[in-house]
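Please look through the structure shown here with an eye to how its chains meet. The report below takes the interfaces in turn and then turns to confidence.

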Amino acid sequence: VLLGINPRARLVDLTHGIPAQDVLQGAIALEGAYRYFPAGTVHLAVVDPGVGTARRPLALWSGGHFFVGPDNGLFTFALHQPGTRIVASSNPRYRRSRVSRTFHARDIFAPSAAYLSRGVALTRLGPPVSDPVRLDWPRPRLTPRGVDGQVIRADRFGNLLTNVGEADLPGPGRVCRVAVGGRSIGGLVGTYRERPRGALGALIDSTGRLEVFVRQGSARARLGLGPGAPVRVRFSSVGWPRPPRTRTIPARTRTSR
Amino acid sequence: VLLGINPRARLVDLTHGIPAQDVLQGAIALEGAYRYFPAGTVHLAVVDPGVGTARRPLALWSGGHFFVGPDNGLFTFALHQPGTRIVASSNPRYRRSRVSRTFHARDIFAPSAAYLSRGVALTRLGPPVSDPVRLDWPRPRLTPRGVDGQVIRADRFGNLLTNVGEADLPGPGRVCRVAVGGRSIGGLVGTYRERPRGALGALIDSTGRLEVFVRQGSARARLGLGPGAPVRVRFSSVGWPRPPRTRTIPARTRTSR
Amino acid sequence: VLLGINPRARLVDLTHGIPAQDVLQGAIALEGAYRYFPAGTVHLAVVDPGVGTARRPLALWSGGHFFVGPDNGLFTFALHQPGTRIVASSNPRYRRSRVSRTFHARDIFAPSAAYLSRGVALTRLGPPVSDPVRLDWPRPRLTPRGVDGQVIRADRFGNLLTNVGEADLPGPGRVCRVAVGGRSIGGLVGTYRERPRGALGALIDSTGRLEVFVRQGSARARLGLGPGAPVRVRFSSVGWPRPPRTRTIPARTRTSR
């Protein structure tokens, strides 16, 4: 459908592996990847349990990228960016002539994305939207001694991604200890290989998230944990005696965005 | 192999998820999708348990599209269209110079598709074929009170697709009741959300087929049914008192092709 | 990331199905496929358990193709080819400006591949490498009466691919008998259909490897065997009485490269 409208569109599959109906997982996957695409990319994302109901079809411009998909919170991470513009893509001119009630990806979203990629102005797709649906995005909570968060995703390697971000952690001058599901796993390392084969560890992943892993194994399988499991990080000062096996992340190698 | 012959070819993966050897499932997937590609698209489809035997390699022009693949019924749905032309792609000029006995997708079909996409005439690929293999395609049977069909596919969400099409059902002025595997699931709804979470329902899907679903769940898992399970639809007149919970499909929203 | 550097790059996914951390499986998949891509293709391959450690990032030119990925043996099959050139892609100019410690596919390898596809000379990516890591590639062993090898891969159909190649077997004038995991499966056939439905068989596959299969079934499931299982081939002279059920491969249909 996209190529029928814009034969020159470049199609890149980001993932077809989001669990059915899981809007939050879709949002997390998109949030971690979209900024690595060229500026002006149109991101067509469909996790759409409400297809065929009154939920609006959206098109957004945010952070130098377009996003197209259902108004169910899938783009929550983009809504707060300054300069974001949002419309409901209701203009029949930019849809397929017949719209099914169960496959808006084909009949509404793909056409919206294709027309945007051809240079059609966002505002021509439909009227502005000021109240997009937002997910109840799980946020970490600062505590007197650290930060409490949770697992938000298990990737295909079995790594457990959390909602604790690099910015929630102390700078390189301080150390911290991590526990997940009540189980202590020591301090942060900089790379998987710093832990012995089969051992649990924690690091800051490539998108800036705290990640729990098993070296050359699956933390999901080992711990029996998945999204929702509690994660607790405790900070301590530099001057304190360092607990064994913890490490700070050297400043020069920290991933930040 | 395709790009070695036509560097400008656009490659789109439709699916790599057809069960091994299951020609009918491949045919159903292709039949539901091909018409949404631009006119003139070359559809390379390979589900090929007979690779290396005397089964012919085919190339077809049908309904404004090309199809390339084995002569085993994979294109049954296209054979009846007026103006269809079929050849056996036996011309060695349009194959790889060495043809293996187990990977004709690489050695015969991909070259055929690439040459067609470059504009080589269908008839140059080989001699006409008048007796292509046809699948014993499961057809619904009209009964005095309705139509009897069967499940033909379970999709990745667990929805059960049937061989009962929109055209087999009464128009909007009549209602009908659906049963699958002997279990009654009431009338048709227009969209998933018209059923409560976890409830069974039936609707006309985006390709015009009667589909049985569980709202935000898997009908396949719930009912333990798959391809071959019987589906029964009973019609009743408008004038009759409507059974509870049935709905007609409003005329303006029906998907038809 | 690739398209941000070279907007005209053509992206083709070969596989995302290599088991996590399994460098040898990645190498086998790439070795069986790369030569069917157009000359000059850049093959970006990442199976990278050592990401973030001192293992070098490599870029190679070998056999008319480029290869980009980690220095862990993934390209062992290409290293022996005459004219191969290898560099460590350490030049910061051809990386992302920030390099994470866990996602070099994004930050180092994809940029290397994209710049090579734009025509940047291999030697500009970094200094030459003379001692690349090589896998302990399982090689078949010639015996007085035949050749001993092993299963090296099970494909998605359950076929068992071995490290015994066509060149290890006698020419068409001799016959041979195959056993896998101690179980005799008779001689070679030319195509799956020469065995009855559900029967075990062996043939030379489309990449020139001895392959054990179950006709329209899974040899992996039937035999309970996978990579590492022993394979034994015994040769016998033409003049000898042929054991029942063995067949030679007719010369005209043998796959060779």
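## Different surfaces on each copy

## How the copies are related

How many degrees of rotation superpose chain A on chain C? The rotation is 120 degrees, with 0.0 Å of shift along its axis and an RMSD of 0.0 Å. That is the relation of a three-fold axis.

Chain C can likewise be laid on chain B. The turn is 120 degrees, the shift along the axis is 0.0 Å and the RMSD is 0.0 Å.

## Chain C against chain B

On the side of chain C, 20 residues are in contact with 24 residues of chain B. The area buried between chain C and chain B is about 1,800 Å². Carbon and sulfur atoms give 53% of that area. Which three residues of chain C supply more of its buried area than any other three? They are C:Arg10, C:Tyr36 and C:Ser206, which supply 31% of the area that chain C buries against chain B.

Polar links cross this interface too. Eight residue pairs are in polar contact, both partners at pLDDT 80 or more. The side of chain C that touches chain B has seven nonpolar, eight polar and five charged residues. The count of salt bridges between chain C and chain B is one. B:Arg101 and C:Glu194 form a salt bridge through their side chains, at 3.2 Å from N to O. Side chains of opposite charge can pair when their charged atoms come close.

## Chain A against chain C

Here 22 residues of chain A are in contact with 24 residues of chain C. The buried area between chain A and chain C is about 1,800 Å², with 53% from carbon and sulfur atoms.

Eight residue pairs are in polar contact between chain A and chain C, both at pLDDT 80 or more. By class, the side of chain A that touches chain C has eight nonpolar, eight polar and six charged residues. One salt bridge is found across this interface. A:Glu194 forms a salt bridge with C:Arg101, and the closest N and O atoms are 3.2 Å apart.

## A salt bridge inside chain A

Over all chains, the structure holds 33 salt bridges. One pair that meets in a salt bridge is A:Arg234 with A:Asp148, at 3.5 Å from N to O. A:Arg234 lies in strand E12 (residues 230–236) and A:Asp148 in strand E6 (residues 146–154), so the pair ties together parts of chain A that are 86 residues apart in sequence.

## Confidence

The model scores ipTM 0.81 and pTM 0.85. For chain A, the mean pLDDT is 89, and 90% of its residues reach 70 or more. Where in chain A is the pLDDT below 50? It is below 50 over residues 238–257. Beyond near neighbours in sequence, this stretch has 41 contacts in the model. Where pLDDT is low, the predicted coordinates should not be read in detail.

Technical notes: Residues are numbered from 1 along each chain as its sequence is written. Chains are lettered from A and ligands numbered from 1 in the order in which they are written. Side-chain values use heavy atoms; hydrogens and water are left out. Contact means heavy atoms within 4.5 Å. Buried area is the accessible area (1.4 Å probe) that two parts lose on being put together, summed over both. A salt bridge is a side-chain nitrogen of Lys or Arg within 4 Å of a carboxyl oxygen of Asp or Glu. A polar contact is a pair of N or O atoms within 3.5 Å; within protein, one must be able to donate a hydrogen and the other to accept it, and residues adjacent in sequence count only if both atoms are side-chain atoms. Ala, Val, Leu, Ile, Met, Phe, Trp, Tyr, Cys and Pro count as nonpolar, Asp, Glu, Lys and Arg as charged, and the others, Gly among them, as polar. Copies are superposed by least squares on the C-alpha atoms of residues with pLDDT of at least 70 in both. pLDDT is the predictor's confidence in each residue, from 0 to 100. Helices (H or I, at least four residues) and strands (E, at least two) are DSSP runs, numbered from the N terminus.
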